[in-house]
Amino acid sequence: MEEKIFELTLLSEKDLIGEERLDTVFTHGIDCGVTDCAILTGARPTFTYSNNYGRGINRCSNYATSDGVINNQNIRLKIKFNSEKEFNEFMKDREMDIDGTICLAYFPQYLVESFLLVETLENYYEQTHETHIHIAGVDYIRIKPEENITTARNYYLSNGMKPKSTSFYWIIVSPIKWYVDKESQSLICSVVLYGDNLQREDSPYYQLIYNQVYKEIQRGVSRSRITQKE
């Protein structure tokens with residue numbers, strides 16, 4: 001039976017609040033960004049004004065409840081390694097960005113900003129009916145928002161516009177940024193990625209991320225072990 005190296009889980013309340021909160025949270029704060037994909041798929045953020053390209057800041061409860069479902073459906077993930085050894089093996093030879101993050105796995109996050117590119121993607125969709133399109137090395141996903149997306153007056157996308165339930169949106173698939181929390185041997189997602197009222201293991205979004213994370217972590221740990229033997 002293959003050894004389990006990590007768990008892809010949700011942030012707990014004690015991770016974010018109180019004396020046992022993560023060092024990452026202590027450094028960067030409890031608030032975090034909310035992706036366009038999260039808003040369009042049902043996240044329920046409370047926005048305050050931000051200069052970060054017009055995006056809001058998530059100030060509502062973004063931690064796990066007792067039944068494993070995020071309050072307000074805001075999914076912010078945590079990768080917890082099962083031992084310090086495995087964490088160190090994975091991190092070996094990896095360089096962190098200046099903000100203390102690494103990139104791991106891909107997920108649709110923010111809107112396509114170019115009107116011409118949106119037009120090109122729509123034309124391609126009309127011809128092929130494909131909602132996942134790959135152009136020049138980049139993947140794009142066509143998303144229809146939740147029907148009740150317009151019920152909250154303070155929901156804004158990264159382009160400064162309110163989402164419309166009658167529209168479709170093209171989202172860029174981009175690397176997920178994770179804060180590295182060495183003390184807890186964990187990686188903390190830097191943003192709310194998506195909104196989902198399902199148990200996390202049943203969510204197709206969870207499975208998409210888990211499969212990518214699993215392969216990359218296994219590859220990183222295996223590479224480290226081979227190097228050690230040499």
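The following is a conversation about a predicted model of one protein chain.

Me: To begin, how many helices and strands are there in the chain?
Reply: The chain has 6 helices and 12 strands.

Me: And what share of the residues is buried?
Reply: Of the 230 residues in the chain, 47% are buried.

Me: Which residues touch the most other members of the largest nonpolar core?
Reply: That core has 43 residues. Those touching the most other members are Leu 77, Ile 79, Trp 178, Leu 187, Leu 193, Ile 209 and Ile 217.

Me: Take Leu 187, then. What does it touch?
Reply: Leaving out residues up to four places away in sequence, Leu 187 touches several residues, including Leu 77, Ile 79, Phe 81, Phe 87, Phe 90 and Trp 178.

Me: Phe 87 and Phe 90 belong to helix 4, I think. Which residues of helix 4 are buried?
Reply: Helix 4 covers residues 84-91, and its buried residues are Glu 86, Phe 87, Glu 89, Phe 90 and Met 91.

Me: What follows helix 4?
Reply: Asp 93 follows helix 4, and the phi of Asp 93 is positive, near 70°.

Me: Now the rings. How many aromatic pairs does a search of the whole structure find?
Reply: The search finds 8 aromatic pairs. One of them joins Phe 81 and Phe 90, with ring centres 5.4 Å apart. Their planes lie at 35°, so this pair is classed as tilted.

Me: Are those two residues buried or exposed?
Reply: Phe 81 is buried, at 1% relative accessibility. Phe 90 is buried as well, with a relative accessible area of 1%. Buried means under 20% on this scale.

Me: How are the rings of Phe 107 and Tyr 194 arranged?
Reply: Their centres are 5.6 Å apart and their planes are at 40°, so that pair is also tilted. It links distant parts of the chain, since Phe 107 is in strand 6 (residues 101-111) and Tyr 194 is in strand 12 (residues 194-195), 87 residues apart. Phe 107 is buried, with a relative accessible area of 0%, and Tyr 194 is buried at 1%.

Me: Which residues do ring pairs link into a cluster?
Reply: The cluster consists of Phe 6, Tyr 206, Tyr 210 and Tyr 214.

Me: Where does the charged end of Arg 142 sit?
Reply: It sits over the ring of Tyr 125, 3.8 Å from the ring centre. The charged end of Arg 142 also sits over the ring of Phe 168, 4.0 Å from the centre of that ring.

Me: A change of topic: where is Ser 190?
Reply: Ser 190 is in the loop between strand 10 (186-189) and strand 11 (191-192). Ser 190 is buried, with a relative accessible area of 14%.

Me: What does the side chain of Ser 190 reach?
Reply: It reaches the backbone oxygen of Lys 177 at 3.0 Å. Beyond its neighbours within four places in sequence, Ser 190 is in contact with residues including Cys 32, Gly 33 and Arg 76.

Me: And Thr 41, where is its place?
Reply: Thr 41 is in the loop between helix 3 (36-40) and strand 3 (57-58). Thr 41 is buried, with a relative accessible area of 8%. Not counting residues up to four places away in sequence, Thr 41 touches Glu 146, Tyr 194, Gly 195, Asp 196 and Tyr 205.

Technical notes
Residues are numbered from 1 along each chain as its sequence is written. This is a predicted model: local features need pLDDT of at least 70, side-chain atom pairs count only at pLDDT 80 or more; totals for chains, interfaces and linings use all residues. Side-chain values use heavy atoms; hydrogens and water are left out. Buried means under 20% relative accessible area, exposed over 50%, partly exposed in between (1.4 Å probe, protein chains only). Helices (H or I, at least four residues) and strands (E, at least two) are DSSP runs, numbered from the N terminus. Rings of Phe, Tyr and Trp (its six-membered ring) pair if their centres lie within 6.5 Å; planes under 30 degrees apart count as stacked, over 60 as edge-to-face and the rest as tilted. A charge sits over a ring if NZ of Lys or CZ of Arg is within 6 Å of the ring centre and within 35 degrees of the ring normal. A nonpolar core is a set of buried Ala, Val, Leu, Ile, Met, Phe, Trp, Tyr and Cys residues joined through side-chain atoms within 4.5 Å. Contact means heavy atoms within 4.5 Å. A polar contact is a pair of N or O atoms within 3.5 Å; within protein, one must be able to donate a hydrogen and the other to accept it, and residues adjacent in sequence count only if both atoms are side-chain atoms.
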